[in-house]
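Subject: Structure for you to look at, with notes

Dear colleague,

My notes come directly after it.

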Amino acid sequence: MPTKYSPRRDDENAVFIDCFLCRQPFRFGDGIYDGKHVRGWETNFCWTCINGNHDGIVLEYHPSLVSHLKERGIPIRLNARGWLDIPN
Ligand SMILES: [Zn+2]
């Protein structure tokens, strides 16, 4: 019997983490990275949210991010539009 590709086994190896903004789990590990970890903020964002906020995050829509950053003493520096850029 030839070895068949098994999506089930692949799923068992999958690593998921939650996006801080949309709270949806995304693949992050085992070679598949559907988002990124922002070390300076101790947060994870999926590409959908990163792309949707490429001009900066509108903090009024994400008060949990404000408290998250404040709790950690991370300075909030708004860009020219008054939004918060996601660090690289
Ligand atoms: Zn997201």
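This is a predicted model: local features need pLDDT of at least 70, side-chain atom pairs count only at pLDDT 80 or more; totals for chains, interfaces and linings use all residues.

Residues are numbered from 1 along each chain as its sequence is written, and side-chain values use heavy atoms, with hydrogens and water left out.

**The chain as a whole**

The secondary structure comes to three helices and five strands, where helices (H or I, at least four residues) and strands (E, at least two) are DSSP runs numbered from the N terminus. Read from the N terminus, the elements run α-β-β-β-β-β-α-α. Of the 88 residues in the chain, 35% are buried; buried here means under 20% relative accessible area, exposed means over 50%, and partly exposed lies in between, with a 1.4 Å probe and protein chains only. Among contacts with a separation of 6 or more, 44% are between residues 24 or more positions apart, a contact being heavy atoms within 4.5 Å.

**The zinc site**

The zinc ion has as its protein donors the SG atoms of Cys-19, Cys-22, Cys-46 and Cys-49, which lie 2.2 to 2.3 Å from it. Donors are N, O and S atoms within 2.8 Å of the metal (3.2 Å for Na, K and Ca), and sites may look incomplete because water is not among the atoms. Along the chain these donors follow the spacing C-x2-C-x23-C-x2-C. Cys-22, in the loop between strand E1 (16-18) and strand E2 (25-29), and Cys-49, in helix H2 (residues 47-52), are 27 residues apart, and this pair links distant parts of the chain. Cys-22 is partly exposed at a relative accessible area of 30%, whereas Cys-49 counts as buried at 10%. The angles among the four donor atoms are 106 to 115°, and the site is tetrahedral, a label given to four donors if all angles lie between 85 and 135 degrees. For comparison, the ideal angle for four tetrahedral donors is 109.5 degrees.

**The strands**

Two strands are taken to pair if DSSP finds at least two bridges between them. An open sheet of three strands has the order E1-E2-E3, with antiparallel pairing. E1 and E3 stand at its edges with a single partner strand each, so one side of each is left without a neighbour in the sheet. Three bridges join E1 to E2, with Ile-17 opposite Phe-26 in E2, and the hairpin of these strands has six residues between them, among which Arg-23 takes a positive phi near 65°. E2 is joined to strand E3 (residues 32-33) by two bridges, and Gly-29 stands opposite Ile-32 in E3. In that hairpin, with two residues between the strands, Asp-30 has a positive phi near 55°.

Strand E4 (residues 35-38) and strand E5 (residues 43-46) run antiparallel and are joined by four bridges, with Lys-36 opposite Phe-45 in E5. Their hairpin has four residues between the strands, and Glu-42 in the turn has a positive phi of about 55°. Thr-43 is in strand E5 and is buried, with a relative accessible area of 1%. Not counting residues up to four places away in sequence, Thr-43 touches Phe-20, Lys-36, His-37, Val-38, Leu-65 and His-68.

**The core**

The largest nonpolar core has 18 residues, of which Leu-21, Trp-41, Phe-45, Ile-57, Leu-65, Leu-84 and Ile-86 touch the most other members. Such a core is a set of buried Ala, Val, Leu, Ile, Met, Phe, Trp, Tyr and Cys residues joined through side-chain atoms within 4.5 Å. E5, H2 and helix H3 (63-71) each supply at least two residues of this core, and H3 gives the most, with three. Leaving aside neighbours within four places in sequence, the contacts of Trp-41 include Ile-57, Leu-65, His-68, Leu-84 and Ile-86.

**A loop residue**

Asp-55 lies in the loop between H2 and H3 and is partly exposed, at 31% relative accessible area. Leaving aside neighbours within four places in sequence, Asp-55 is in contact with Asn-79, Arg-81, Trp-83 and Asp-85.

With best wishes

Technical notes. Four donors count as tetrahedral if all angles lie between 85 and 135 degrees; four count as square planar and six as octahedral if opposite donors are over 155 degrees apart and all others between 65 and 115; anything else is irregular.
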